[in-house]
Amino acid sequence: MAGLGGVGKSQLAAHYARSAMEHGEVDVLVWVTADTKAAVIDAYADAAAQLIGSAAPEDLEQAAEAFLAWLAPKAGRPRCRWLVVLDDLADPTAMNGLWPPPSPTGRTLITTRRRDPALLTDRHLISVGVFSPDESHAYLTRVLAPYALAHPAQELDALARDLGHLPLALAQAAAYIAELADTRMTAAAYRRLLADRTTALRTTAPHLLPDDQSLTVAATWSLSIEHADSLKPAGLARPMLRLASFLAPNGIPDTVLTSTPALVHLARHRTAGASEASTARSTVQTPARTEQHDQMARLARGPVTQPAVPSVTHDEARAALSALRRLSLIEHMPEVPATAVRVHQLVQRAVRDALAPPEHGELARTVADALIDSWPDAERETPLTSALRANTIALTDSAGDALYRPAGHRVLYRAGNSFLGAGLPSSATTYWQDLTSKSEQILGPRHPDTLQARAHLAVAHRQAGNTSEAVALGEQVLADLEHIQGPDHPHTLVTRGYLATFYQQAGRTNQAVALGEQVLADLEHIQGPDHPHTLVTRANLAASYLEAGRADEILPLLERGVRDGERIQGPDHPDTLTARNNLAVSYRRTGRTSEAVTLLEQVIVDCQEVLGTDHPETLAARGNLADAYRQARRTSEAISVGEQVRTDRERVLGPDHPHSLTARAGLACSYFQAGRIDEAVRMEEEVVADSERVLGPDHPDALEARANLASSYRRAGRTDEAVAQFKYVVASYERVPGPQSSALVLARSELVLCHLQSGRVSEAVSLSGSLVTDSERVLGADHPRTILACGNLATAYQHAGRTGIALSLQEEVLADSERILGPQDPGTLVARVNLATLYQETGRTDQAVNLFEEGLADLERILGRNHPDTLTTRGHLGDCYQDAGRTQDAITLLEKVVADSERIKGPHHTDTLTARASLAESYLQAGRPHEAVTVQEQVLLDRERIGGPDHPDTLTARGNLGSFYLPAGGARRRSRHPARNEGRRRRAHQRPRPP
């Protein structure tokens with residue numbers, strides 16, 4: 001529905017929606033005030049919370065996407081008839097990506113003044129104009145009939161003509177006549193008042209109002225305001241309407257108009273009431289006012305009193321709102337406190353245009369004070385905070401330069417931070433861009449307030465994923481702040497902390513660590529170790545340490561952060577819950593899996609109790625628990641939790657949300673671990689396709705999904721496909737700038753393993769050598785990914801028959817792993833097993849046995865006797881016993897390994913099959929050929945069924961069985977490869993901390 005302001009578009013839409021609900025034509029009605037993009041996102045997020053259980057979502061844009069996904073028709077879901085009303089749509093381009101989807105059971109109704117061609121495409125246009133003469137006559141007759149006064153038809157028609165048949169003006173004229181019915185007010189008498197007021201305004205007011213409405217309409221409002229001001233409590237309606245004229249027309253919180261700054265304003269500017277002639281109080285003349293402004297003040301505003309007046313109470317302020325409602329100047333719905341007061345934009349414009357410039361600026365700053373006074377100290381996303389943001393935007397549009405004189409008002413920065421905290425990165429970026437631009441124009445480019453706005457713009461860029469813009473802007477702002485405000489100023493320190501996080505996101509890890517350490521030291525010295533900025537900086541530094549591979553420094557920082565958070569903010573504070581979640585992720589990533597599981601299980605309970613089941617932090621903790629279960633080889637539990645996390649994330653966030661894609665990727669890992677290889681690969685292929693469609697093919701998350709798929713191809717024996725995928729990933733990482741240096745090393749390491757698996761040993765050796773050189777140059781010699789590259793180079797040398805070099809290099813890898821990662825890290829345990837295997841292969845059997853026994857003892861102590869990795873190492877030790885001629889020890893150990901593996905991992909798990917094949921060889925060596933053949937035949941059948949007839953493991957099993965059939969009974973040993981330093985990266989579900 002398109003039409004001029006004041007013709008009743010919103011009333012028509014409300015009538016249509018109400019009728020549809022009353023007649024049972026819709027199941028869900030969502031009313032959206034669509035005057036800004038942020039308001040639309042807020043409304044959608046609120047609908048998501050009510051319809052799909054998203055409890056106070058922190059990321060409103062994600063919740064809005066989930067709501068739109070919920071509206072889309074889906075097979076198998078119960079039929080839902082919905083109606084979305086987009087009221088007062090101001091800018092159709094702001095709706096890009098936010099239009100409700102087409103649906104056979106859904107309808108979208110738009111009210112707007114716009115008639116853009118793009119808006120009308122594939123939509124039905126209903127033009128709404130002013131009343132016809134007959135409609136005007138019928139309306140006035142119906143509204144005035146209850147007051148038993150005779151209004152000749154010709155007078156009603158003449159009044160309608162005077163008001164241009166504008167429904168809004170007719171409503172206010174009728175309300176005025178009805179209010180004064182006991183004084184025998186008639187349409188004719190009202191027309192005389194209107195004519196006199198119009199004549200007076202013509203000399204002072206603009207010739208035309210918005211939407212080309214006549215000056216007579218302004219006179220209508222002037223009369224209504226004057227009478228409202230005469231109602232009890234006298235003299236408050238006019239200053240109250242002035243306050244409301246600067247705020248959002250579609251919803252002003254009650255708390256703003258009854259706040260302390262608002263009450264002070266009402267007391268200082270209380271007018272005498274009905275007319276200037278009845279005024280007994282002295283008035284205050286504002287300097288430099290023109291005669292035109294004086295006339296307008298007398299005619300349209302009434303006199304202004306001296307400040308020394310009685311105070312105004314909350315009840316009186318609410319009574320003033322009631323007086324304005326009686327004259328149809330506002331709508332007042334106290335039952336909806338966040339958007340209780342609505343004022344038509346035409347009324348707001350007329351009231352503001354009647355203000356002298358000094359009064360305009362004073363009122364704008366008063367309204368800003370009222371907004372700040374109403375803002376909750378501990379902000380959570382609620383209808384009130386959404387309304388406060390919308391009203392701040394409306395105020396900035398109507399205030400002109402007033403909020404920047406003499407400096408930027410606090411409300412400008414409070415609203416911008418609210419956008420950032422609410423998870424509205426695109427809205428936040430737009431807001432801070434506008435604020436920075438205005439501040440530069442009005443205050444100058446190097447004013448402290450301008451620098452603060454520019455720093456927050458950099459944060460918004462980072463939150464939106466625009467890392468290069470964030471870094472460039474952050475470096476510029478920091479240089480200016482250090483020069484202007486000094487290196488130890490709080491704003492400088494905070495901005496330096498921002499820049500450290502920008503560096504980390506950009507992959508400039510060494511710079512992030514160096515700057516983060518400097519910021520933390522400065523904050524502890526200047527603001528103290530318990531200051532909130534210090535706590536956040538400490539957590540951010542831990543994240544940089546993790547990326548830099550400084551594992552031994554991560555946990556002390558995070559553990560201290562949890563202790564400090566519990567002591568300062570309390571154990572149930574959201575920031576403390578996040579700190580505990582992050583600590584658990586670090587436990588898992590540093591090999592302390594059992595501690596990670598225990599902590600995450602408790603964090604989930606606390607998050608559900610404090611934040612709710614569907615809160616992002618709760619979902620993150622549950623996703624992290626699924627990862628920890630998988631790392632602990634508690635595969636069935638990982639699958640159970642992972643499937644529920646996937647379901648809940650798709651329900652809450654939508655199937656295309658990045659967190660939903662992450663949940664599916666993690667679940668695919670668990671399926672693979674359980675031997676459900678086809679399901680896992682199929683799911684990862686879907687994740688790659690969806691990630692590239694949603695994020696773009698070069699997005700880091702899309703490349704990571706493709707790398708995970710390639711790794712699964714390799715492990716499933718589809719080596720050629722794995723090589724092709726990894727080459728694509730490596731080329732993309734080398735082409736696209738950003739935080740990919742560590743990811744590039746990992747992808748090239750996986751490509752080395754692909755070459756080894758396919759027998760391209762020379763290519764593997766060449767790639768491994770260059771990889772080690774590049775990794776040492778980019779990441780440093782002590783980075784975990786560099787150690788990984790060295791381990792793969794040792795493996796490549798081993799396959800090439802250069803066992804001497806391989807052995808020497810693997811000994812260095814183990815020493816470095818113990819020194820850097822610690823003796824209990826998973827990477828260290830793998831390095832120890834690999835070295836033991838090399839000792840075994842080079843005939844140093846006693847050393848191999850000793851190292852395997854040492855490694856097995858560590859695994860049993862750290863992970864437990866039944867942990868899958870413990871079982872695998874026990875199988876290696878059985879092989880080594882066999883090589884040492886300790887055949888009975890080998891059989892005893894391997895029979896136990898096979899039984900445990902069948903019980904824990906399943907009878908068809910690849911590790912179970914490997915253990916069974918080793919047992920068959922031991923049987924053969926012990927002179928038990930029939931048992932050996934029986935076991936090996938079953939191994940071959942299982943390999944063919946799981947991996948296919950051409951899988952490398954199937955070929956090895958077939959060759960081993962053939963050797964068992966030799967008449968002489970001599971066994972050709974099956975090909976065994978050492979455990980490889982293969983890293984299968986999965987992104988944690990950890991919510992990033994804001995700087």
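Biologist: At what angle do the axes of helix α18 and helix α19 cross, and within what distance do they come?

Modeller: This is a predicted model. In it, the axes of α18 (residues 410–421) and α19 (residues 425–442) cross at roughly 160° and come within 8 Å. That makes the two helices roughly antiparallel, since an angle over 145 degrees counts as such.

Biologist: Is the crossing of α18 and α19 left-handed or right-handed?

Modeller: Left-handed.

Biologist: Which residues make the contact?

Modeller: From α18, the residues are V411, L412, Y413, A415, G416, N417, F419 and L420. From α19, they are S427, A428, Y431, W432 and L435.

Biologist: Now α22 and α23. What is the crossing there?

Modeller: The axes of α22 (residues 490–505) and α23 (residues 509–526) come within 8 Å and cross at roughly 155°. The two helices are therefore roughly antiparallel to each other. The crossing of α22 and α23 is left-handed.

Biologist: Which residues of α22 and α23 make that contact?

Modeller: α22 contributes L493, R496, G497, L499, A500, Y503 and Q504. α23 contributes Q511, A512, L515, G516, Q518, V519, D522, L523 and I526.

Biologist: How do those residues divide by class?

Modeller: Nine nonpolar, five polar and two charged in the contact of α22 with α23.

Biologist: Changing topic: what is the strand order in the open sheet of three strands?

Modeller: The order is β1-β2-β3, and the pairing is parallel. β1 (28–33) and β3 (106–112) are the edge strands; each has a single partner strand, so one side of each has no neighbour in the sheet. On average, neighbouring strands of this sheet are turned by 10° against each other, direction ignored.

Biologist: How many bridges are there between β2 and β3?

Modeller: Six, in the parallel sense, with β2 covering residues 82–89.

Biologist: Which helix lies across β1 and β2?

Modeller: α2, residues 37–51. Helix α2 runs at about 155° to β1.

Biologist: I'm also looking at S817. Where is S817, and is it buried or exposed?

Modeller: S817 is in helix α37, residues 803–821. Its relative accessibility is 1%, so S817 counts as buried; the cut-off for buried is under 20%.

Biologist: What does S817 touch?

Modeller: Leaving out residues up to four places away in sequence, S817 touches I787, G822, G827, T828 and A831.

Biologist: And H314, where is that one?

Modeller: H314 is in helix α14, which covers residues 314–326. H314 has a relative accessible area of 40%, so it is partly exposed.

Biologist: What is H314 in contact with?

Modeller: T258 and L263, leaving aside neighbours within four places in sequence. As for T255, its C-alpha is 9.7 Å from that of H314, and the two are 59 residues apart in sequence.

Biologist: Last, the whole chain. How many helices and strands, and what share of residues is buried?

Modeller: The protein chain has 44 helices and five strands. Of its 995 residues, 56% are buried. Among contacts with a separation of 6 or more, 65% are between residues 24 or more positions apart.

Methods
Residues numbered from 1 in each chain as written. Predicted model: local features only at pLDDT ≥ 70, side-chain atom pairs only at ≥ 80, totals over all residues. Heavy atoms only, no water. Pairing = 2+ DSSP bridges. Helix = DSSP H or I, 4+ residues; strand = E, 2+ residues; numbered from the N terminus. Axes fitted to C-alpha atoms, helices over the stretch in contact; angles between N-to-C directions. Contact = heavy atoms within 4.5 Å. Parallel < 35°, antiparallel > 145°, perpendicular 65-115°, else oblique. Left-handed = near helix turned anticlockwise from the far one by under 90°. Nonpolar A, V, L, I, M, F, W, Y, C, P; charged D, E, K, R; others polar. Buried < 20%, exposed > 50% of the residue type's maximum accessible area, 1.4 Å probe, protein only.
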